[in-house]
Amino acid sequence: MSAALRRLADLFLEARRAVAFTGAGVSTESGIPDFRRPGGLWDRFDPSEFTYKNFMDSVAGRRRYWALGQVTYPVIRAARPNAAHLALAELHRLARLDCCITQNIDDLHQRAGLPPETVIELHGNATRTRCLACSIAYTRDEVHEWLEARDEIPVCPACGGVVKPTTVLFGEPMPAAELREAERRSRNADLFVVLGSSLAVYPAAYMPAHAKHAGAMLAIVNLEPTKLDAQADLVIREKAGVAMTAVLEAVRARARGQAPPVPDAAARGEAVVRRPAS
Ligand SMILES: [Zn+2]
């Protein structure tokens, strides 16, 4: 384990209210492409056509949206939680994680076992939809079946209203309650860990700044530099899955009353000294 990962594990062990903040990098480790990347979806589709306004204002706008969704939703549905999702869920079970604020819409934190009330989704959730007229909720699986079965845009079977995914579309404000809750949890955190986010999308990216200003330790785990690296107490250029697996290992080792094992030494063929189990 590198010194930086050891330090991250120590921060989790010392923290009383650790908050994780996850971005697209955590989803890409489950095989969900980052649509904003070169070669991604927005090179093939024009994002300006998929705005909230276009969706709300016209049948044609909704038709284009759902046509795109027929391509993207099966990818999200087929994805499975990765090591980062699983480690965060386990850290919560071990009372080492207060909550997870996420920019991701793929439901993978919940599917990994994080209780839904501990996942604060700033950009909504692609597995759910709602009728904008009568508020009945439909699963995205249901709506996807309607799309596959008949070539029509989804309308509410109960009232004929517009059915909208609960994801935040371009130009749509973030959900106010989630935003407030995320700010509150960020300000209450004593450790705030960014995982797989370049912190480029606001207002979500203000969360680590809120936490830092309120006195939290700030750790950033991302493969590329972020705007907040200079303010962070710890910056790790690593995949979220690798980093959080190391953290979980250290937390479990502490729980067993042992020092964490040293996998790097084993990999180099050196002797690994382990304390006998007591
Ligand atoms: Zn309805």
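How many residues lie between S4 and S5 in their hairpin, and which residue in the turn has a positive phi? There are five residues between the two strands, and Ser 135 is the one in the turn with a positive phi, about 70°.

Before going on, a word on where this comes from: the model is predicted, so to speak of local features a pLDDT of at least 70 is needed, side-chain atom pairs count only at pLDDT 80 or more, and totals for chains, interfaces and linings use all residues. Residues are numbered from 1 along each chain as its sequence is written, and side-chain values use heavy atoms, with hydrogens and water left out.

Two strands pair if DSSP finds at least two bridges between them. S4 and S5 are antiparallel partners with three bridges, and S4 (residues 128-131) is also joined to S6 by three bridges, again antiparallel. That gives an open sheet of three strands in the order S5-S4-S6. At its edges are S5 (137-139) and S6 (163-165), each pairing on one side only. From one strand to the next, the twist averages 30°.

Thr 129 has Pro 165 as its bridge partner in S6. S4 also has two faces: Thr 129 and Cys 131 are on the covered one, Arg 128 and Arg 130 on the uncovered one.

Helix H8 (residues 140-149) lies across S4, S5 and S6, at about 70° to S5. Angles like this run from 0 to 180 degrees between N-to-C directions, using lines fitted to C-alpha atoms (for helices, over the stretch in contact).

**The six-stranded sheet**

There is another open sheet, with six strands in the order S3-S2-S1-S7-S8-S9 and parallel pairing. S3 (119-121) and S9 (234-236) each have a single partner strand, so one side of each is left without a neighbour in the sheet. Neighbouring strands here are turned by 15° against each other on average, direction ignored. S8 (residues 217-221) and S9 pair over three bridges in the parallel sense, with Ile 220 opposite Val 235.

Two helices pack on this sheet. H1 (residues 3-14) touches S1, S7, S8 and S9, and its direction makes about 130° with that of S9. H10 (residues 206-213) touches S1, S7 and S8, at about 160° to S7. Contact means heavy atoms within 4.5 Å.

Of its 17 lining residues, the closest to the centre are Lys 164, Thr 166, Thr 167, Glu 172 and Pro 175. S4 and S6 each supply at least two residues of the lining. A pocket is an open set of points on a 1 Å grid over the protein atoms alone, where a 1.4 Å probe fits, with protein on both sides within 12 Å along at least five of seven lines; lining residues have an atom within 4 Å of a point.

Thr 167 sits in the loop between S6 and H9. Its contacts include Tyr 65, Ile 105, His 123 and Glu 172. Gly 171 is in the loop between S6 and H9 (176-188). Its C-alpha atom is 9.6 Å from that of Ser 48, although the two are 123 residues apart along the chain.

How open are some of the loop residues? Buried means under 20% relative accessible area, exposed over 50%, and partly exposed in between (1.4 Å probe, protein chains only).

| Residue | Relative accessible area | Class |
|---|---|---|
| Thr 167 | 5% | buried |
| Asp 107 | 15% | buried |
| Ser 135 | 43% | partly exposed |
| Gly 171 | 74% | exposed |

Most residues other than glycine have a negative phi, and most peptide bonds are trans. Asp 107, in the loop between S2 (99-102) and H7 (108-111), has a positive phi of about 70°. A cis peptide bond joins Tyr 202 and Pro 203, with omega about 5°.

Conventions
Helices (H or I, at least four residues) and strands (E, at least two) are DSSP runs, numbered from the N terminus. Lists of a residue's contacts leave out its neighbours within four places in sequence.
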